[in-house]
Structure formats: C-alpha cells, structure tokens
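Me: I have just opened this one and would like to walk through it slowly. Could you help me find my way around?

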Amino acid sequence: MPTTLARKLRLHDYFALAFGTMIGTGWLVLMDDWLGRGGPLGAILGFVLGGIILLPVGYVYGQWVLRLPDAAGEAAYTAQVFPPIVSYFTGWIMLLAYFIVCPWEAIALGKIAAYIFPQLDSIEVYRVTGQPVFLWRLVLGVALTIFLTAINYRGIRLSANFQKGMTSIVLLIFVALVGISAVRGAPANFHPVFHGAPLVSIFLTLQIVPYFLTGFESVPKYAEEANPDLRGKTYMTAIAMALGVGVTFYALSLAAVAYIAPWPSLLGKRFATAIAFEHGLGAHWPVQLILVMAMFGLFQCFNGNFAASTRMIFAFSRNGSIPAPLARIHPRFQTPNNAILILGAATLVAVFLGDALLVPVTEVGSAASAFGWLASCVALLVGAGWKSALPVFAGVTPKLKIIATFGAIASFALVAMKFLPIAPGHFTTAEYLALAFWLVLGAILHALRPRM
C-alpha cells in the first residue's frame, strides 16, 4: 500500500490547476451582476485593485509552500502556531471555498446547455425554495460529476493533462473574443464608466473579488505531488502567473463586453456576455463560440476545485482531524481515492439541491477564501515572532514580515466587508445559516476522528 501521492506535476501543471480553479463561468453567467455593481470601469478597477491587494498574500503562500509543503495548506500553516482545533476549522472553512464551486459548476452546465437547447427545460421534477429543478439539467450535472470524479480517481497526471487542455482552449478563444471586441466595438458603449459613485462602484465589485480569484493559493495543495526535480521557486512562479493571468482575464472580459455593446442594456440579462457579442456583431455565431468557451471553462474550474478539495480532505484525515479512511491512497493510481469518492458523492447531493440553496453558500465562499488568506499571513507573523526557534520560521526577513502584514491587513478588510452590517453587500441571514451548517458539519466529522 503506497503511503505517498504520485509525484508528477511541473510548472505548467501547477499553473493550469491554479488558473482553472480560478476561472469558470462567472464571466458569462454573472457579467450583468458585475456591471451592475460597478459599471465597466468600476468593475475593472475592482478586480485590478483586488489583484494588487492579493499580491502580498500570494507571496506569503509561496513562502509557506517552500517551508512546509503540505496538502492541508492553511490548516498546516496555522497548526504551527495555534491549537489543533483552530487550525482544523481554519482549513475546514477554506475547504468550503473550493468545494462549493463543484456543484455550482455542475448546475451551470445545465443552465448553459438549456440556453442552447431550450427543450432541456421541458420536464420539471421538483422545486427547492420555489425554484424549479429540471430533469435533463440534473442528468447533465450528475454525468459531469461522475466523469470528473473518475478522472481524478485514476491519477493526478490524467487530471492535470485534462486541465491543461481545457485551459489552453479557454485562453485561445478568449484572445479571439477580445480581438473581435477591439475591432468591432465603440468607445461610446463604455459610458457611463461607473454605475454609481466611483468609490461605491469599486467597493461593491471588490467584495466579490475573493471568490473569483480563489485558486492561486491552491498551488500548495499539490505540493506533495511535485516532480522530484522541480525547483522550489516554481511554486512562487505558478502562484504569480495564476494571479496575474486571472486578473487580466476578468478585467479584459469586462472591457470587451462593455466595448462591444452598450452595457446598461445588458443589466438583468442572463448570459450578458453572449448577448453583448450577438448585438454588437448582429450575428448568432459569437454566442455559440462563447458558450463553447464557457463549457471548457466550466470543466477546468470544476476539475481544479475538485482536485484541491480532495487533497485537503486527504490531508485532514492523515493528520487525524477527521476519520482515518479518507487518507487512503490507491495502490495503483496513487490518488486519495476515498477522499475523491466522498467529495464526488457530496457534490452529487448538492447538485440535487439546485442552485437556489447554493447562492448563499457561494457568498460564504467569498468570505471563506479571504479568511484562509488572513490566517496564513497571521500564522507567518505570529510564528516569526513567538515561534522563531522552529525550523519552519528560520530566515523570516523583515521584508517578509512587512509583506505578510500588508497581506493580513488586506485579507482582514475583505473579510470585514462581509461581516460588518454597515458594509454594502454584507451577509444576510441565509449566509449566516449556510456558514453555521458548514461549521456544524465540520464539527461532526471532527468528533468522528480516531482518538489517540
């Protein structure tokens, strides 16, 4: 029985997994919401500012993975300075940010497919909180979940190759769309550049940035699967590439949509990105191209978040935080097979709940990401001060402390945006209930762990 995961990943694999975890279908499904929050310039500045704010956080993660290559990520980092229960729930909260994307993308597949083939909405099987769940959409979501579970079960190499293929296609089509917008669009479509007051427009967009940029920090979750000859700085490079390309992708997608068609006409429209190009070009073929790109983006986002989630579950089980069987490694494929199967099953259950119940959990996911970033930065600062004798904190320079401080401040601000009642877009009762449910579930699993 193998005791370690397969070590096969290289730089391009790490980039594809991180970028794919970050980029899904939000740029298609939620474009009207982004423009409604900030207008084109407000939304662009919100994403760019968010990316700049997260640079120190990315640097801290790069330092952590060099010092402590552990798939538990945030849980492993905080365990160096805080009690086990604190580190466990830190990791458990961060896990939500990855896991919730999986059923969300599975459900999005049905939405996109129904846009192309409306007959998929012909059979309604039940309703959840008043929202219909359609049979054929459900079938597609279940099929995708089973397919990606099987890929991940059979090896990280297969999963990484799938991810690289999806990422390459997404970026190629994206470049083509930006070029089309630049040639066929008009500056007049971009006005007004803000939806409201400039600062409020930027702030409202900045609130959602953590959720859509979650992924760059997934690199450490695969640190134990690096090719043996991989250089240490590869992790930092992959994190920087994923964060930079991700921010550029979102900013240019906003600019392309607002430039090709008058953006106020897109508010409240489903799949506003596709509608904008259809109106701007007076043809339907761009819609098909965009939906194809969305499908590939959906596949890569689902796969990236699924893989990161399974590694965290595996690591939690290995360190004794949750039941031990979830740390089992497949003798042939060298994958955490039980963790993969349980995550696949959990995703299937969530798919049957429909997107009505996933919306508040997705909002919680945004705050969960920022909380994980905050914990990682604080753990480094605390360790460098109080636990400096530990080898993991050796060589922490004043420069690194300053960078970690900026990262902690930025992360704290992003968390506070969701919890302070005075902040626009703060948590509602539904979000607090979703967070409470996830914490209770984590407490139950923790209680079932083997006793030493």
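Reply: Gladly, and one term comes first: a residue is called buried when its relative accessible area is under 20%, exposed when that area is over 50%, and partly exposed in between. Please also keep in mind that this is a predicted model.

Me: What else forms a salt bridge with D13?
Reply: K164 does, with 3.1 Å between the closest N and O atoms. K164 lies in helix α8 while D13 lies in helix α1, so this pair ties together parts that are 151 residues apart in sequence. K164 is partly exposed, at a relative accessible area of 22%, and D13, R157 and K164 are linked in a network of salt bridges.

Me: How many salt bridges are there, and what does E74 pair with?
Reply: The count comes to 10 salt bridges. One of them joins E74 to K221, whose closest N and O atoms are 2.9 Å apart. This pair links distant parts of the chain, since E74 is in helix α4 (residues 74-79) and K221 is in the loop between α10 (209-213) and α11, 147 residues apart. Both partners count as buried, E74 at 0% relative accessibility and K221 at 1%.

Me: Switching to rings, how many aromatic pairs does the structure hold?
Reply: It holds 27 aromatic pairs. In one of them, the rings of W34 and Y250 have their centres 5.4 Å apart and their planes at 80°, and because an angle over 60 degrees counts as edge-to-face, the pair is given that name. W34 sits in helix α3 (residues 31-67) and Y250 in helix α11 (residues 233-260), so that distant parts of the chain, 216 residues apart, are linked by the pair.

Me: Are W34 and Y250 buried or exposed?
Reply: W34 is buried, with a relative accessible area of 0%, and Y250 also counts as buried, at 1% relative accessibility. Both residues belong to one aromatic cluster, which includes F15, F19, W27 and F249 among its members.

Me: What about F302 and F306, how are their rings arranged?
Reply: That pair is tilted, with 6.2 Å from centre to centre and 50° between the planes. F302 and F306 both lie in helix α13 (residues 285-318), 4 residues apart, which is about one turn of the helix. F302 counts as buried at 0% relative accessibility, and F306 counts as buried at 0% too.

Me: Which residue lies over the face of W104?
Reply: K111 lies there, at 5.4 Å from the ring centre.

Me: Let's go to helices, why is α5 said to be largely enclosed?
Reply: Of the 16 residues of α5, 13 are buried, so the helix is largely enclosed by the rest of the structure. Helix α5 covers residues 84-99 and reaches 22 Å from its first C-alpha to its last, close to the 22 Å expected.

Me: And which residues of α14 are buried?
Reply: They are N337, A339, I340, L343, G344, T347, A350 and V351. These residues cover an arc of only 155° around the axis, which puts them on the same side of α14. Just after this helix, G354 takes a positive phi of about 85°.

Definitions and conventions. Residues are numbered from 1 along each chain as its sequence is written. This is a predicted model: local features need pLDDT of at least 70, side-chain atom pairs count only at pLDDT 80 or more; totals for chains, interfaces and linings use all residues. Side-chain values use heavy atoms; hydrogens and water are left out. Helices (H or I, at least four residues) and strands (E, at least two) are DSSP runs, numbered from the N terminus. The expected span of a helix is 1.5 Å times one less than its number of residues. Buried means under 20% relative accessible area, exposed over 50%, partly exposed in between (1.4 Å probe, protein chains only). Rings of Phe, Tyr and Trp (its six-membered ring) pair if their centres lie within 6.5 Å; planes under 30 degrees apart count as stacked, over 60 as edge-to-face and the rest as tilted. A charge sits over a ring if NZ of Lys or CZ of Arg is within 6 Å of the ring centre and within 35 degrees of the ring normal. The arc is that of the directions from the helix axis to the C-beta atoms. A salt bridge is a side-chain nitrogen of Lys or Arg within 4 Å of a carboxyl oxygen of Asp or Glu.
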